[in-house]
Amino acid sequence: MTEKAPSGPRSVAIVGTYSSGKTALLESLLFATGAISRKGTIKEGNTVGDASAEARSRGMSVEVSTATTTYLDEVFTFLDCPGSVEFLHETYAALVGVDAAVVVCDNEIDRAAALYPLFRFLDEHQIPYLIFVNKMDRASGSARDVLEALQAISKRPLVLRQVPIRKGEAVSGYIDLVHERAYSYSDNGASSLIQIPEEMQTEEQDARGEMLEALADFDDSLLEKLLEDVVPPKEEIYQTLHKDFSEGLVVPVLFGAAERENGVRRLLKALRHDVPGPEMTLERVGLDASGPPLAQVLKTYVSPHSGRLSLVRVWRGPLKDGATLSGVRVGSVNTMLGSQLGKVQSAEAGMVVALGRMEGVKTGDMLSGDGAVAVPEPLRFQPPHAVYAMAVATEKRADEVKLSDALGKIVEEDPSLFWEQNHGTHQVLLWGQGEIHLLVALDRLRNKYNLPLVTDRPKVPYKETIRKPVSVHGRHKKQSGGHGQFGDVHLDIRPLGRGEGFVFEDTIVGGVVPRQYIPAVETGVKDYMKKGPLGFPVVDVGVTLTSGSYHTVDSSEMAFQTAGRIAMSEGMPQCNPVLLEPIFKVDVHVPNEYTPQVQRLLSGRRGQILGFGARDGWDGWDSVSANLPQAELHDLIIELRSLSRGVGTYDFSFDHLQELSGRLADDVVSAAAAAQ
Ligand SMILES: Nc1nc2c(ncn2[C@@H]2O[C@H](COP(=O)(O)OP(=O)(O)O)[C@@H](O)[C@H]2O)c(=O)[nH]1
Ligand SMILES: [Mg+2]
């Protein structure tokens with residue numbers, strides 16, 4: 001029909017906003033190619049893409065799922081990627097290993113903007129992508145409007161490949177603009193060829209003209225023909241389309257209704273024809289086509305039953321069962337169909353397969369038949385930093401050791417999670433990308449590791465300090481049977497500047513407190529500082545040991561330590577103690593239409609706005625900087641996402657401690673007292 005299609009197995013990511021129909025599309029692609037004989041539905045939770053218990057129970061994809069199929073003798077591996085912002089890192093990790101991506105979007109304009117971060121990633125990594133506008137069976141907006149909204153956020157020109165044929169409100173079929181043929185959708189099956197409707201001739205011609213012009217921008221020979229009014233042969237259009245798409249110069253736009261298989265076979269044909277083969281992708285990412293086997297880990301699954309599975313993109317094949325990759329013996333090579341594994345002897349370049357028992361191998365690693373290999377720049381990416389935390393504890397104390405083991409494992413599976421034992425609050429904190437992300441992680445802990453857990457809101461590590469100096473006297477004297485105890489100290493306690501911490505000095509002369517006991521006084525003082533008059537660790541206080549007395553027999557280190565502590569507990573309440581709360585510097589990033597709302601959000605949370613301006617390298621985005629109390633930070637991401645259609649993010653770092661007084665402080669102090 002046309003020039004030879006690219007050869008070799010190819011891998012394609014299915015990406016896009018949450019709930020746009022990616023999993024439904026995968027199901028239809030698998031059905032249309034015969035990989036499955038019956039289609040599951042999202043509603044019944046029996047799709048190939050959402051096979052995990054965590055995905056099923058929520059009716060949404062929470063991790064990448066992979067399915068290999070064959071279309072007209074060519075192997076395609078599809079990676080159904082979660083669309084929710086909380087799982088975007090999964091998507092990014094998968095995208096580095098594909099030949100192209102299908103961006104699925106709703107036919108609603110106001111959801112289009114949410115795709116900007118994804119488009120940016122695709123641009124940065126120069127990944128060819130096409131757009132599939134889904135749900136055309138639902139008469140929401142026009143394909144043109146959606147196209148315009150998408151073009152506004154896409155650096156690459158979008159090229160409409162089809163025009164819809166409408167019957168009333170609904171779309172009943174399409175005209176293919178290269179072939180100039182019309183098709184009528186039939187539910188759950190291939191479309192049938194029809195005549196181009198008379199009344200659509202002009203629209204078709206116009207749309208075709210636009211498509212050709214967009215393609216000709218990157219092709220001189222096509223441009224010449226257009227200028228000379230010569231109708232270019234279809235073969236040339238196909239070739240230009242393939243070339244422009246593969247090189248990331250244009251974005252073809254197709255549409256349909258995934259669930260009804262409308263437009264799905266048309267999409268398959270476009271993929272078969274246009275997706276670059278593995279050799280071309282190697283060139284794009286800067287890897288040599290010849291050399292020992294090479295594979296990159298896109299994802300790690302850890303299951304207590306089947307053990308570890310490393311999902312890898314085979315950059316150079318053949319990758320054989322039993323071979324040694326970067327010093328690790330390959331336990332098995334499997335193609336995947338959702339949760340189903342099919343053991344194979346070897347995998348070719350271009351495939352994405354699961355390797356069994358690759359101990360010590362992490363997501364992102366490049367595995368080679370020839371020792372260690374660095375990951376080339378285009379294949380690297382940083383997992384996003386965490387924005388939301390929950391405190392986790394085991395229901396049973398005896399499970400505490402199991403908890404840290406299990407946390408270690410789920411963090412390995414998902415590098416956008418991390419956990420810490422917080423020293424300030426003594427809580428175990430699990431950090432991630434949002435509430436659902438963490439709830440899914442906790443489900444995994446419960447299901448896979450059989451760990452009953454309780455969760456809590458992370459505590460704020462408040463501190464306290466003083467505002468007034470005092471001089472105090474502390475004496476410890478005990479006569480109990482034989483040996484007594486005697487220690488006697490005078491301390492000057494004074495406030496220090498913010499961030500100065502703790503300073504201990506002495507001005508002892510004439511040995512009124514013998515040298516060897518002075519460190520013990522300091523120990524006693526420090527011991528008291530762990531919990532001041534308000535119930536929190538004390539900071540920014542200076543203490544000077546000015547005087548004292550001792551007893552030749554009864555004095556000891558112990559006795560002076562106690563005297564130091566006594567002096568502190570008498571003196572500190574008189575020093576006008578005040579609560580200190582941690583303040584974070586927060587930089588919130590949103591499309592600039594939301595900037596005023598973000599400022600209100602931050603001010604409403606006791607934030608002090610420091611300024612705002614255009615976000616570096618992000619067209620149409622702003623960054624708003626503020627100082628925000630940590631107490632207000634916990635669920636900021638939830639509100640931020642809800643006001644910005646899910647795309648808002650922020651960076652944060654500890655900045656300083658700040659005095660907190662009045663009602664808020666009283667509440668904190670009494671809550672801490674009540675918790676004791
Ligand atoms: N009307 C309509 N709904 C669809 C279509 N494809 C998917 N859906 C629905 O859209 C919702 C989200 O689908 P899903 O495949 O889970 O989206 P994903 O989050 O992108 O994987 C489900 O309720 C589907 O039934 C379609 O072609 N037409
Ligand atoms: Mg899904």
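**Reading a predicted protein chain with a ligand**

Mentor: The protein chain averages a pLDDT of 91, and 97% of the residues score at least 70, where pLDDT is the predictor's confidence in each residue, from 0 to 100. This is a predicted model, in which local features need pLDDT of at least 70 and side-chain atom pairs count only at pLDDT 80 or more, while totals for chains, interfaces and linings use all residues. Residues are numbered from 1 along each chain as its sequence is written, and chains are lettered from A and ligands numbered from 1 in the order in which they are written.

Trainee: How many helices and strands does the protein chain have, and which element has the lowest mean pLDDT?

Mentor: Helices (H or I, at least four residues) and strands (E, at least two) are DSSP runs, numbered from the N terminus. Here the protein chain has 17 helices and 34 strands; helix H2 (residues 53-58) has the lowest mean pLDDT among its elements, 72, whereas strand S33 (residues 621-629) has the highest, 98.

Trainee: What does the C-alpha trace span along its principal axes, and what share of the residues is buried?

Mentor: A residue is buried if 20 or more other C-beta atoms lie within 10 Å of its own, exposed if 12 or fewer, and partly exposed in between, with C-beta atoms placed from the backbone. The C-alpha trace of the protein chain spans about 110 × 55 × 45 Å along its principal axes, and buried residues make up 44% of its 676 residues. As for contacts, two residues are in contact if their C-beta atoms, again placed from the backbone, lie within 7 Å; of the contacts with a separation of 6 or more, 73% are between residues 24 or more positions apart.

Trainee: In what order do the strands of the sheet with S22 and S25 stand?

Mentor: Two strands pair if DSSP finds at least two bridges between them. Four strands form an open sheet in the order S23-S24-S22-S25, with antiparallel pairing, and the edge strands, S23 (418-421) and S25 (453-456), each pair on one side only. Neighbouring strands of this sheet are turned by 35° against each other on average, direction ignored; axes are lines fitted to C-alpha atoms, for helices over the stretch in contact, and angles run from 0 to 180 degrees between N-to-C directions. Strand S22 (residues 388-394) and strand S24 (residues 428-432) pair over five bridges, and Ala389 stands opposite Trp431 in S24.

Trainee: Which strands does helix H11 touch, and which strands does helix H12 lie across?

Mentor: Helix H11 (residues 400-413) packs on the sheet and touches S22, S23 and S24, its direction making about 150° with that of S23. Helix H12 (residues 435-449) lies across S22, S24 and S25, running at about 125° to S24.

Trainee: Why does Trp419 count as buried, and which residues does Trp419 touch?

Mentor: Trp419 is in strand S23, and Trp419 counts as buried because there are 21 C-beta neighbours inside 10 Å. Leaving out residues up to four places away in sequence, Trp419 touches Leu407, Val411, Val428, Leu429, Leu430 and Trp431. Glu632, by comparison, is in the loop between S33 and helix H16 (636-643), and with 19 C-beta neighbours inside 10 Å, Glu632 counts as partly exposed. Beyond its neighbours within four places in sequence, Glu632 is in contact with Arg605, Arg606 and Gly607; Glu632 and Gly607 are 25 residues apart in sequence, yet 8.4 Å apart in space, C-alpha to C-alpha.

Trainee: Which strands stand at the edges of the sheet with S7 and S10?

Mentor: This open sheet of four strands has the order S7-S8-S9-S10, with antiparallel pairing. Strand S7 (162-167) and strand S10 (192-194) stand at the edges, each with a single partner strand, so one side of each is left without a neighbour in the sheet. The twist averages 40° from one strand to the next. S7 and strand S8 (residues 170-176) pair over six bridges; Arg166 stands opposite Val171, and the bridge partner of Lys167 is Ala170. In the hairpin of S7 and S8, with two residues between the strands, Gly168 takes a positive phi near 65°.

Trainee: Which residues come nearest to ligand 1?

Mentor: A residue is near a molecule if its C-beta atom, placed from the backbone, lies within 6 Å of it. Of the 21 residues around ligand 1, Gly21, Lys22, Thr23, Ala24 and Ala257 come nearest, and helix H1 (residues 22-32) gives the most to the shell, with three residues.
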